[in-house]
Amino acid sequence: MTMVDGGDSPSRLEGKVSAIIVCWILGFGSLVSWNSMLTIGDYYYNLFPDYHPSRVLTLVYQPFAIGTMAILAYNESKINTRRRNIFGYFLFFASTFMLIVMDLATSGRGGIGPFIGICSFVACFGVADAFVQGGIVGDLSFMLPEFIQSFFAGLAASGAVTSALRFITKAAFDKASNGLRKGTMLFLAISTFFEFLCLLLYTYYFPKLPIVKYFRAKAASEGAKTVKADLVAAGIQTKDDQHGDSAIQFERLSNKQLFLQNIDYGLDLYLIYVLTLSIFPGFLYENTGEHQLGSWYPLVLIGAYNVWDLISRYLPLVKFLYIESRKGLMIAILSRFVLVPAFYFTAKYGDQGWMIFLVSFLGLTNGHLTVCVMTAAPKGYKGPEQNALGNILVLCLLSGIFSGVALDWLWLIGKKNAF
């Protein structure tokens with residue numbers, strides 16, 4: 001495939017700030033539905049007190065996310081990225097909307113039937129996450145590092161914003177009749193709106209930004225076929241190059257070679273999320289005991305994590321805080337595992353102040369280290385390789401989340417009425 005319209009250098013092109021803002025919104029939309037589910041966990045604990053909703057729903061979500069992501073990462077070079085991302089955001093939109101419909105249809109009743117229905121839509125969230133997160137990260141990996149940083153900041157912002165809204169809705173509806181349900185419906189309605197906004201922005205606005213067109217055209221000139229539909233949507237025509245030297249020109253490392261060259265980065269992401277998801281959110285809802293904050297306590301913990309996770313994703317923009325050393329990243333990530341005994345003993349003997357501090361530190365290190373790894377890894381590769389590596393790294397990240405979610409159940413060992 002040959003680029004027809006090459007364009008200017010990226011430093012002279014317009015749209016960088018707009019692209020950064022859109023990337024943030026796209027990241028926000030990639031997790032706002034799921035973070036809403038986590039944040040309204042108290043509503044589901046009220047409806048399904050015996051089903052461990054935060055743990056079960058997370059465990060339902062992850063196999064679909066990682067299974068779909070594995071298939072997509074293996075076939076990434078053959079997949080139309082535009083269709084992939086549009087389908088992902090549409091699935092997010094439809095599934096979130098159907099949660100509202102189902103709750104209205106059942107009048108907010110509990111029971112095994114509604115819980116299975118919720119689980120089915122959460123499984124759709126997992127499929128949509130794999131389509132969107134891998135597709136967008138792969139796409140942004142051959143653009144500017146600031147775009148990836150902004151996308152991952154948007155992911156964290158979805159958690160921080162939903163936590164803030166949860167405080168507002170709990171305060172507003174706490175004394176009202178059926179207040180928990182009203183707050184939940186508001187959450188899901190806001191999530192549905194943002195999913196629809198992401199669908200529109202990605203489909204019609206993002207592809208036409210000059211700086212985005214430049215990087216996609218550059219990737220196409222290096223042999224990427226995944227961007228062809230996006231270029232056509234932006235008004236840039238491409239054609240298949242049949243010349244004999246094109247095969248040599250477009251040679252790229254295989255997915256296996258890319259994985260082996262970046263196995264430490266993949267392990268970094270895996271270990272970051274194994275630790276984080278073994279604690280968040282199940283441990284925070286079920287293993288921290290009763291404190292002065294009462295029913296507000298798990299919401300405060302979730303909020304503290306989300307706020308510091310968001311703040312930390314902007315820290316790598318400060319040059320001296322950005323960790324570029326591969327060895328330094330691994331040491332920092334392994335050091336986080338001291339948090340496991342720290343959380344255990346704090347839950348058993350400490351007060352709520354120490355627990356809030358630990359949760360904040362968990363979020364701070366999670367966001368900062370994630371952005372450092374995701375922005376450092378693609379450097380030095382061609383466009384098609386960067387796209388493939390982005391998908392591989394998201395697969396490692398989701399693998400870590402899945403393992404962490406499974407390990408989260410270990411906290412229930414020895415607890416009365418745990419299963």
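Q: How many salt bridges are there, and what makes a pair count as one?
A: The count comes to 9. A salt bridge is a side-chain nitrogen of Lys or Arg within 4 Å of a carboxyl oxygen of Asp or Glu. Just so you know, this is a predicted model: local features need pLDDT of at least 70, side-chain atom pairs count only at pLDDT 80 or more, and totals for chains, interfaces and linings use all residues. Residues are numbered from 1 along each chain as its sequence is written, and side-chain values use heavy atoms, with hydrogens and water left out.

Q: Why is the contact between Arg-252 and Glu-76 called a salt bridge?
A: Their side chains meet at 3.1 Å, N to O, and the cut-off is 4 Å, so the pair qualifies.

Q: What does the pair of Arg-252 and Glu-76 tie together?
A: Arg-252 sits in the loop between helix 10 and helix 11, and Glu-76 in the loop between helix 3 and helix 4, so the pair ties together parts that are 176 residues apart in sequence.

Q: Why is Glu-76 called buried?
A: Buried means under 20% relative accessible area, exposed means over 50%, and partly exposed is in between (1.4 Å probe, protein chains only). Glu-76 has 3% relative accessibility, so Glu-76 counts as buried.

Q: What about Arg-252: why is that residue called partly exposed?
A: Arg-252 has 28% relative accessibility, so Arg-252 counts as partly exposed.

Q: How do you know that Lys-218 and Glu-222 form a salt bridge?
A: Their closest N and O atoms are 3.2 Å apart, so the pair is within 4 Å.

How values were computed. Helices (H or I, at least four residues) and strands (E, at least two) are DSSP runs, numbered from the N terminus.
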